[in-house]
Amino acid sequence: MFQKEQITQELFSILTEDNTLQGIRETLKLYMDNLKTNTLHHLLAADQDYQTALLAYQEAFAHYQGTEFTPAQRDIADTVLARSEECSFEHVTNAYIAGLLDSYRILRDFGLTLE
């Protein structure tokens, strides 16, 4: 994990460079993903519903891995799984950012920010 000073310096340099809005957004998404990973790991480790779902997924994936498919069938299934993982990554990252924004709005609406 990055040191706080390193992250601050990297964000500052990115924001002051001649970047596109999309480039800044992507960098911030990566930064947010880095932040949420540690917190999320602890939450998921303690969440019994998640652990049950994860075990069911692992069993289903092991069954999938042990099933005979033609190369074309395996390629299609692997592509579907990869695209699903990509969508999940983007969804979770945006949900995390939305949570941060909503948390700020709640604090602001209750007058708990230093604005």
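This is a predicted model: local features need pLDDT of at least 70, side-chain atom pairs count only at pLDDT 80 or more; totals for chains, interfaces and linings use all residues.
Reader: Which residues lie nearest the centre of the largest pocket?

Author: Of the 15 lining residues, K36, L40, L44, Y50 and V92 lie nearest the centre. The space in this pocket is about 310 Å³. The elements that give two or more residues to the lining are α2 (21–46), α3 and α4. By class, the lining has 6 nonpolar, 6 polar and 3 charged residues.

Reader: Why is α2 called roughly perpendicular to α4?

Author: The two helices pack at an angle of about 85°, and their axes are 9 Å apart. Angles of 65 to 115 degrees count as roughly perpendicular; therefore α2 is described as roughly perpendicular to α4.

Reader: Which residues make the contact of α2 with α4?

Author: From α2 come R25, K29, M32, D33, L35, K36 and L40, and from α4 come F89, E90, V92, T93, N94, Y96, I97 and L100. These residues divide into 8 nonpolar, 2 polar and 5 charged.

Reader: What makes α3 roughly antiparallel to α4?

Author: The axes of α3 (residues 48–66) and α4 (residues 71–109) cross at roughly 155° and come within 12 Å. An angle over 145 degrees counts as roughly antiparallel, so α3 is roughly antiparallel to α4.

Reader: What is the handedness of the crossing in which α3 passes α4?

Author: The crossing of α3 with α4 is left-handed.

Reader: Which residues of α3 and α4 meet?

Author: In α3, Y57, F61, Y64 and Q65 meet R74, A77, D78, L81 and E85 of α4. By class, this contact has 5 nonpolar, 1 polar and 3 charged residues.

Notes: Residues are numbered from 1 along each chain as its sequence is written. Side-chain values use heavy atoms; hydrogens and water are left out. Axes are lines fitted to C-alpha atoms, for helices over the stretch in contact, and angles run from 0 to 180 degrees between N-to-C directions. Helices (H or I, at least four residues) and strands (E, at least two) are DSSP runs, numbered from the N terminus. Angles under 35 degrees count as roughly parallel, over 145 as roughly antiparallel, 65 to 115 as roughly perpendicular and the rest as oblique. A crossing is left-handed if the near helix is turned anticlockwise from the far one by less than a right angle, and right-handed if clockwise. Contact means heavy atoms within 4.5 Å. Ala, Val, Leu, Ile, Met, Phe, Trp, Tyr, Cys and Pro count as nonpolar, Asp, Glu, Lys and Arg as charged, and the others, Gly among them, as polar. On a 1 Å grid over the protein atoms alone, a cavity is a set of points where a 1.4 Å probe fits but cannot get out, and a pocket is an open set with protein on both sides within 12 Å along at least five of seven lines; lining residues have an atom within 4 Å of a point. Grid points are joined across faces, edges and corners, and a volume is the space filled by probe spheres set on the points.
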